[in-house]
Amino acid sequence: MKTKLLIIASFLLVITISLKTLAQGDPFKNAREKMVKHDLKGRDINDKKVLSAMGKVKRHLFVEKSLWNVAYNDYPLSIDEGQTISQPYIVALMTQCLNLKPTDKVLEIGTGSGYQAAVLAELVDQVYSIEMREELAKEASLRLKELGYQNVKVKQGDGYFGWPSYAPFDAIIVTCATNQIPTPLTKQLKEGGRLIIPLGNTLFHQTLTLITKVKGELKVKQISGVRFVPMIGETEKK
Ligand code: SAH
């Protein structure tokens with residue numbers, strides 16, 4: 001009797017889950033697969049885990065409905081407060097440069113919509129993300145919770161100072177432009193840790209720069225030309 005009830009309960013659970021999945025649907029599955037194939041694999045994104053994460057995260061859910069139809073095109077999209085989500089290729093490239101392991105602890109500066117944080121959360125155990133603009137921080141935190149990302153912690157604040165209480169980090173990703181590397185961030189990087197940051201003129205374009213901490217020294221590698229919205233706050237005074 002007990003076994004019978006258990007079988008019926010499991011059966012009902014499976015039906016409920018299937019109906020839920022069906023109702024939620026995935027109308028942009030093809031568009032997402034096409035994006036991964038053409039704009040990422042078709043270029044130099046070859047890390048299988050990064051490709052899989054990019055194929056999983058529903059970018060359209062991070063922008064307003066009027067942009068859903070173009071959410072998988074390879075260009076930046078506007079979010080609130082005059083900010084933007086980077087084009088998928090740049091999100092994938094920055095993530096690939098970080099060479100992440102599942103056990104890594106990652107810090108992001110510039111949560112924005114939470115899209116990049118979600119991609120990171122598919123790849124590592126712990127993601128910490130700081131957003132300067134209060135509304136964006138609140139919205140992104142809620143969105144990530146609703147989408148089931150329990151391994152992302154978002155806070156409102158100036159990312160220039162990092163997040164000392166959770167430091168040191170295996171990797172740090174800065175998704176706003178600055179003309180110098182914030183010192184607190186390099187201090188919060190573990191030995192062997194990686195930091196990716198758009199460095200240069202914050203009003204025009206920057207160079208995506210990868211910094212690796214090797215025996216306490218910072219090794220610098222320039223990756224490509226990029227254009228990001230400027231970092232605000234403490235960095236502006238420097
Ligand atoms: N990674 C985001 C997009 C980032 S846009 C995404 O996937 O959607 C850059 C973000 O950096 C903006 O939301 C901006 O408000 C934020 N920002 C600018 N200066 C900052 C600072 N000092 N600390 C934290 N966030 C900052």
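Visitor: What should I know before reading the model?

Guide: Residues are numbered from 1 along each chain as its sequence is written, and side-chain values use heavy atoms, with hydrogens and water left out. This is a predicted model, in which local features need pLDDT of at least 70 and side-chain atom pairs count only at pLDDT 80 or more, while totals for chains, interfaces and linings use all residues.

Visitor: At what angle do helix H2 and helix H4 pack?

Guide: Two packed helices are described by the angle between their axes and the distance between the axes. Helices (H or I, at least four residues) and strands (E, at least two) are DSSP runs, numbered from the N terminus. Axes are lines fitted to C-alpha atoms, for helices over the stretch in contact, and angles run from 0 to 180 degrees between N-to-C directions. Here H2 (residues 29-41) packs with H4 (residues 88-97) at about 65 degrees, the axes being 10 Å apart. H2 is therefore roughly perpendicular to H4 (the term covers 65 to 115 degrees).

Visitor: Which residues of H2 and H4 meet?

Guide: Contact means heavy atoms within 4.5 Å. From H2 come Met35, Asp39 and Leu40, and from H4 come Pro88, Tyr89 and Ala92. Five residues of this contact are nonpolar, none is polar and one is charged. In this scheme Ala, Val, Leu, Ile, Met, Phe, Trp, Tyr, Cys and Pro count as nonpolar, Asp, Glu, Lys and Arg as charged, and the others, Gly among them, as polar.

Visitor: How far apart are the axes of H2 and H3?

Guide: The axes of H2 and helix H3 (residues 48-56) are 9 Å apart, and the angle is about 145 degrees. Arg32, Met35, Val36, Leu40 and Lys41 in H2 meet Leu51, Met54, Gly55 and Lys56 in H3. That contact has five nonpolar, one polar and three charged residues.

Visitor: How many cavities of 30 Å³ or more does the structure hold?

Guide: Rolling a probe the size of a water molecule over the atoms shows where empty space is left. On a 1 Å grid over the protein atoms alone, a cavity is a set of points where a 1.4 Å probe fits but cannot get out, and a pocket is an open set with protein on both sides within 12 Å along at least five of seven lines; lining residues have an atom within 4 Å of a point. Grid points are joined across faces, edges and corners, and a volume is the space filled by probe spheres set on the points. The structure holds one such cavity. The largest cavity has a volume of about 350 Å³. Its lining has 30 residues, and Gly110, Thr111, Gly112, Glu131 and Thr175 lie nearest the centre. By class, the lining has 15 nonpolar, 11 polar and four charged residues.

Visitor: Which backbone details deserve attention?

Guide: Ala167 and Pro168 are joined by a cis peptide bond, with omega about 0 degrees. Pro168 is placed in the loop between E5 and strand E6 (169-174). Asn99, in the loop between H4 and E3, has phi near 45 degrees, a positive value in a residue other than glycine.

Conventions. Angles under 35 degrees count as roughly parallel, over 145 as roughly antiparallel, 65 to 115 as roughly perpendicular and the rest as oblique.
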